[in-house]
Amino acid sequence: MNINERLEKLRNLMRERNIDAYIVPTSDPHQSEYLSDYYRTREFISGFTGSAGTALITMDEALLWTDSRYFLQAAKELKHSEYKLMKMGVEGVPNLIEYLDENIGEFGKIAFDGENFSVKAYKDLSESMGARILISDVDYISQIWTDRPGLRKDKAWLMEDKYAGESISEKLLRLRNIMADNGYDYTFIGSPEDICYFLNIRGNDIDYNPVLLSYSLISKDEAYLCIDEEKIPGEVRDYLEDNGVKLYAYESIFKLLNNIPGKNRIFLDPERTNVAIYDSINSNVKVSLGTNITTDMKAIKTDVEIENIKKAYIKDGIALTKFFAWLEVGAKTGNLNELLASKKLQDLRKEDESYIEDSFETIAGYRENAAIVHYAPQATGSKTIKNEGMILVDSGAHYKEGTTDITRTVALGRLTDQEKTDYTLVLKSFLSLFLARFKDKINGQRLDAIAKYPLWHAGKDFFHGTGHGVGFVLTVHEGPQRISERDDSEFVENMTTSIEPGLYIENSHGIRIENEAYVKRAMENEFGKFNQFESLTYVPIDIRPIKTEMLNRDEIDWLNEYNKTCFEKLSPYLEGAELEYLKESCKAI
């Protein structure tokens, strides 16, 4: 059944209830960043395989909204269907809400599956739709997707206290104290990474995120986990029950919420709670909205987590050094391409016994492909790597000791003067945050400006975030902290973040340098508390593309000391040609 046939079946169902428009977001009941195959509903109905986008089907049109990362990919994948590509952020292209407002009649019916639609998205939509009727109990995809993949049944496993540094009971005590301070009788948690964090469990329900699809409800006296109980082996069940956590079937969350007595107050996150969940709460229960309490808790890592993350980055550094040594030799043969390179890097990471899985799909862009910010090589069309130009490799992994995320852009041969200039500008942007000292609780917007100054001074910029929080064997993109021009989250001690400025020249080259760092106290005096970033990542930064005359003394000293430390930390685990490659990479400039 091709895409147009699927659309015809869906429209037949729409006619039965006089539905004027049907929305299919990229989502699951938990608003996860990555989706299991079962919840790839937008991909099923549109044929577009990118990680972000929304499909809208009316009786006359089919439209797909996505952002600039996927314009080329979407145009190619939608080519043989009736879908029209709506390029988000392009002048003159209406967004979804604007389109509905312009094209759906005053009392038109707009439908969607409320289990895959967040409360925040619903509120944003309803505030703009006037007298139009929103129907949130319509799941047409399940009716036409006859060969739909099943949900995974892999077993859960325990994150031992020696890795997490804090027990369930300690986390529950902190959580309940925060609830009491704010007058909350209950808190609902719909995000799997938050649930796995505070219960010290992990799973395999979603690629790249070792989490379990589940719901949790916490009261002053009880803690409930709603999950497919087939996934909970005996030792995990015993551990949870010993810590006062009661297990229920996944669907039981609706009844548990419905049974909350009136006049109690429940706290939930509207971005991580779906409409069906919200509607199951009785109207006489008071609802407070905000970011999950556990999201703020897990953003500040324990000292034990920090020390374990450092160990994970040594493992990662060994794999990446071996990889780049292999890549430079292979580039001279003309037998390598981007996809082979990304697979080799995964194989090298797998050599460590604590490796769990990659933390996201590897970005390996050679030459002009590196200018595509979220480029991932495919089986067809993967570019051959040669001993010239630059390659950008953005990758990461989950180890038992922690999660990694690192980007290196390396020279494989002759570079243009412009490539060297651009590389040095990105390096200066990267170094600006590692050289900075900043007030405690500074927000991400101010840090973003510090990082971008060298590029702005040269009249250049990049259009993705400068940094994001990184989870501890959870999600590689973790809030609430972000280094971004629109972010007001506060950075405090032991928060982790990526630092990843870049520069992208279409059809020419792309550059990004990324380390993960944590916030460390630098000093405290009569003016307040001052912090700095300390690197968790240790992989040499390529010195060959640098225009040394563009760097100041502090920048040169930091870089030389960093690469020297990389050699000290990684050299005991390498030998032969790989050790020689590391030694050459860590030379002072």
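Which backbone oxygen lies 3.4 Å from a polar atom of the side chain of Thr497? The points below take up that question, then turn to salt bridges. The model is predicted.

1. The oxygen in question belongs to the backbone of His468. A polar atom of the Thr497 side chain lies 3.4 Å from that oxygen. Thr497 sits in strand β26.

2. **Surroundings of Thr497.** The relative accessible area of Thr497 is 0%. The cut-off for buried is under 20%, so Thr497 counts as buried. Leaving aside residues up to four places away in sequence, Thr497 touches Gly467, His468, Gly469, Ile483, Phe491, Asn515, Glu516, Ala517 and Phe533.

3. **Salt bridges overall.** Side chains of opposite charge can pair when their charged atoms come close. Searching the whole structure gives 41 salt bridges.

4. **Arg132 and Asp101.** These two residues form a salt bridge, with 3.2 Å between the closest N and O atoms. The pair links distant parts of the chain, 31 residues apart. Arg132 is in the loop between α5 (119-126) and β6 (133-135). Asp101 is in helix α4 (residues 96-103). Arg132 is buried, at 13% relative accessibility. Asp101 is partly exposed, at 41%.

5. **Glu388 and Arg367.** Here the closest N and O atoms of the salt bridge are 3.0 Å apart. Glu388 and Arg367 both lie in the loop between β16 (363-366) and β17 (390-395), so the bridge ties together parts that are 21 residues apart in sequence. Glu388 is partly exposed, with 27% relative accessibility. Arg367 is partly exposed too, with 23%.

6. **Arg521 and Glu493.** A salt bridge joins Arg521 to Glu493, and its closest N and O atoms are 3.2 Å apart. Arg521 belongs to strand β29 (residues 515-525). Glu493 is in the loop between β25 (490-491) and β26 (496-499). The two are 28 residues apart, and the pair links distant parts of the chain. Arg521 has a relative accessible area of 22% and is partly exposed. Glu493 is partly exposed as well, at 36%.

Key
Residues numbered from 1 in each chain as written. Predicted model: local features only at pLDDT ≥ 70, side-chain atom pairs only at ≥ 80, totals over all residues. Heavy atoms only, no water. Salt bridge = Lys/Arg side-chain N within 4 Å of Asp/Glu carboxyl O. Helix = DSSP H or I, 4+ residues; strand = E, 2+ residues; numbered from the N terminus. Buried < 20%, exposed > 50% of the residue type's maximum accessible area, 1.4 Å probe, protein only. Polar contact = N/O pair within 3.5 Å; in protein donor to acceptor, adjacent residues only side chain to side chain. Contact = heavy atoms within 4.5 Å.
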